[in-house]
Amino acid sequence: MLHHKNPFQMSGSSDQPTLTGQVAKEKDSNLPITDRIKNLLAQYKVLLFMKGTPDFPQCGFSANVANILNRSGISYHAFDILSDQDMRQAVKEYANWPTYPQLWVNGELIGGSDIVTELAQNGELTKTIGLI
Amino acid sequence: MHPFFQEIELIIKSGLTDAEVQISDMTGNLDHLEITVKSRAFQNLSLLAQHRKVMDLLAGKLKSDLHAVKIKTIVAQ
């Protein structure tokens, strides 16, 4: 993977916005995988499946989405799919979406880095998340 | 146009017959492409659904020789 040499322009990596993301905590990680996913989605209104954590993203695209959420003042929880290979595979299949990060709001997939970037640029992100 | 770009464009147009497609190579290695697609088929769809239409067409390519794409969709009227 090309995480150390990302060719894309990421918004704002130089200064540090206030971190609005926290690590998601599963109540029970021994359930069948689909139940784990459904429980996480039910538990958190705004959930980001990402590589790494909000304060230590492991991929430029994940960092980009975390940054956008931080800058927009949107509170969110993040699940590090690098920490759990079963979840890494299962969420892709559950979502029918091949890549991370994935931003989910109210149990629905909003999109990855490109879509979240575009929604933020055209002012629709906060509306999508229901803050306005 | 690079033959690989032509192939990608043909794949997209096989599913979105009215599509206008623009492709650029972001790395010089042809493995990260920026693909802009304009189609009437995107009308009344969420951004995710618009991207899904393109991603579904490219699914086979993404499993083989295409590592990552940056997709931009434009709704044609």
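## Terms and model

A residue is called buried if 20 or more other C-beta atoms lie within 10 Å of its own, exposed if 12 or fewer do, and partly exposed in between, with C-beta atoms placed from the backbone. Helices (H or I, at least four residues) and strands (E, at least two) are DSSP runs numbered from the N terminus.

This is a predicted model, in which local features need pLDDT of at least 70, side-chain atom pairs count only at pLDDT 80 or more, and totals for chains, interfaces and linings use all residues. Residues are numbered from 1 along each chain as its sequence is written, while chains are lettered from A and ligands numbered from 1 in the order in which they are written.

## Helix H1 of chain A

Helix H1 of chain A spans residues 33-43, and its buried residues are A:Arg36, A:Ile37 and A:Leu40. They lie on the same side of H1(A) because they cover an arc of only 95° around the axis, taken from the directions from the helix axis to the C-beta atoms. A:Thr34, A:Asp35 and A:Ala42 are exposed on the other side of H1(A).

The cover over the buried residues of H1(A) includes strand E2 (46-50), strand E5 (76-80) and helix H3 (85-95) of chain A. Two residues count as in contact if their C-beta atoms, placed from the backbone, lie within 7 Å.

## Residue A:Gln43

A:Gln43 also belongs to helix H1 of chain A. With 13 other C-beta atoms within 10 Å, A:Gln43 is partly exposed. A:Gln43 and A:Gly107 are 64 residues apart in sequence, and their C-alpha atoms are 9.2 Å apart in space.
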